[in-house]
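Visitor: Hi, could you walk me through the side-chain contacts in this one? I'd like to start with what the accessibility words stand for.

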Amino acid sequence: MHTTTTTRALAVAAALTLGLTLAGCSTGNSGSDTGSSSSASSTSAAAAHNRQDVTFAQMMLPHHEQAVSMSDTLLAKGSGVDTDVAALAKQITAEQSPEIEQLTSWLRAWGEPTEMPSMSGMSGMMSDSDMRDLDQASAKDAGKLYLEQMIQHHEGAVEMAKTEVEKGENTDAVKLAKSIVSSQTEQIQQMQDMLASR
């Protein structure tokens with residue numbers, strides 16, 4: 001009797017262990033799926049991309065980072081900055097910050113460095129002197145300078161994005177490039193109108 005009870009207990013334990021093991025495998029798989037849903041673009045990115053996709057991501061990453069830095073510099077000047085320019089700076093940061101994360105994740109998925117060996121030939125980038133000028137400008141003058149610099153900056157981004165649309169292979173990267181062309185072309189017009197009204 002004792003033996004039968006022990007045997008049954010062992011059988012139940014074995015069944016539970018098997019069930020937990022299978023559940024663990026299942027959870028692992030679905031967890032992996034969940035992970036790939038958050039990095040779905042990274043998975044597809046690794047599947048099909050070319051040298052142009054890599055160049056686009058490596059160039060657009062520091063380009064976006066500088067745009068966010070310019071916006072942060074402007075916003076740090078406080079209430080003296082024109083409200084319409086401050087609102088645009090916040091919008092640019094909100095749009096480009098997630099794209100920075102996306103570009104970084106693609107490069108990691110492709111096994112490529114996130115930093116370029118050289119920044120030469122990157123259109124629209126501000127020089128150290130340009131960045132200092134913005135940093136040292138008064139809150140009153142900074143808005144105009146920010147708009148002038150950001151127009152040039154956006155024009156460079158649009159140029160790079162158009163090249164990606166034409167020559168890129170990765171569907172997610174090309175989709176992002178099209179979005180950049182659309183949104184930043186619209187913002188260039190907006191900034192030109194803001195400058196003209198000053």
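Guide: Happy to. Buried means under 20% relative accessible area, exposed means over 50%, and partly exposed is in between. Please keep in mind that this is a predicted model.

Visitor: Good. So is Arg51 buried or exposed?

Guide: Arg51 counts as exposed, because its relative accessibility is 51% and the cut-off is over 50%.

Visitor: And which residue does Arg51 form a salt bridge with?

Guide: The partner is Glu112, with the closest N and O atoms 3.3 Å apart. The pair links distant parts of the chain: Arg51 belongs to helix H3 (residues 51-75), while Glu112 sits in the loop between helix H4 (83-109) and helix H5 (128-136), 61 residues apart.

Visitor: What about Glu112, how accessible is that one?

Guide: Glu112 is partly exposed, at a relative accessible area of 22%.

Visitor: How many salt bridges are there?

Guide: The count is three salt bridges. Another of them joins the side chains of Asp82 and Arg198, at 2.0 Å from N to O.

Visitor: Where do Asp82 and Arg198 lie?

Guide: Asp82 is in the loop between H3 and H4, and Arg198 is in the segment after helix H7 (171-196), so this pair ties together parts that are 116 residues apart in sequence. Asp82 counts as partly exposed at 31% relative accessibility, and Arg198 also counts as partly exposed, at 40%.

Visitor: Which residue meets Lys144 in a salt bridge?

Guide: That would be Glu148, with 2.6 Å between N and O. Both residues are in helix H6 (residues 139-167), and because they are four residues apart there, about one helical turn separates them.

Visitor: Are Lys144 and Glu148 buried, exposed or partly exposed?

Guide: Lys144 is partly exposed, with a relative accessible area of 42%. Glu148 counts as partly exposed too, at 35% relative accessibility.

Visitor: Switching topic: how many aromatic pairs does the structure hold?

Guide: It holds one aromatic pair. The pair is made by Trp106 and Trp110, and their rings are 6.2 Å apart from centre to centre.

Visitor: What is the angle between the planes of Trp106 and Trp110?

Guide: The angle is 20 degrees. The pair counts as stacked because planes under 30 degrees apart fall in that class.

Visitor: And are those two Trp residues buried or exposed?

Guide: Trp106 is buried, with a relative accessible area of 2%. Trp110 counts as buried as well, at 8% relative accessibility.

How values were computed
Residues numbered from 1 in each chain as written. Predicted model: local features only at pLDDT ≥ 70, side-chain atom pairs only at ≥ 80, totals over all residues. Heavy atoms only, no water. Salt bridge = Lys/Arg side-chain N within 4 Å of Asp/Glu carboxyl O. Helix = DSSP H or I, 4+ residues; strand = E, 2+ residues; numbered from the N terminus. Buried < 20%, exposed > 50% of the residue type's maximum accessible area, 1.4 Å probe, protein only. Phe/Tyr/Trp six-rings, centres within 6.5 Å; stacked < 30°, edge-to-face > 60°.
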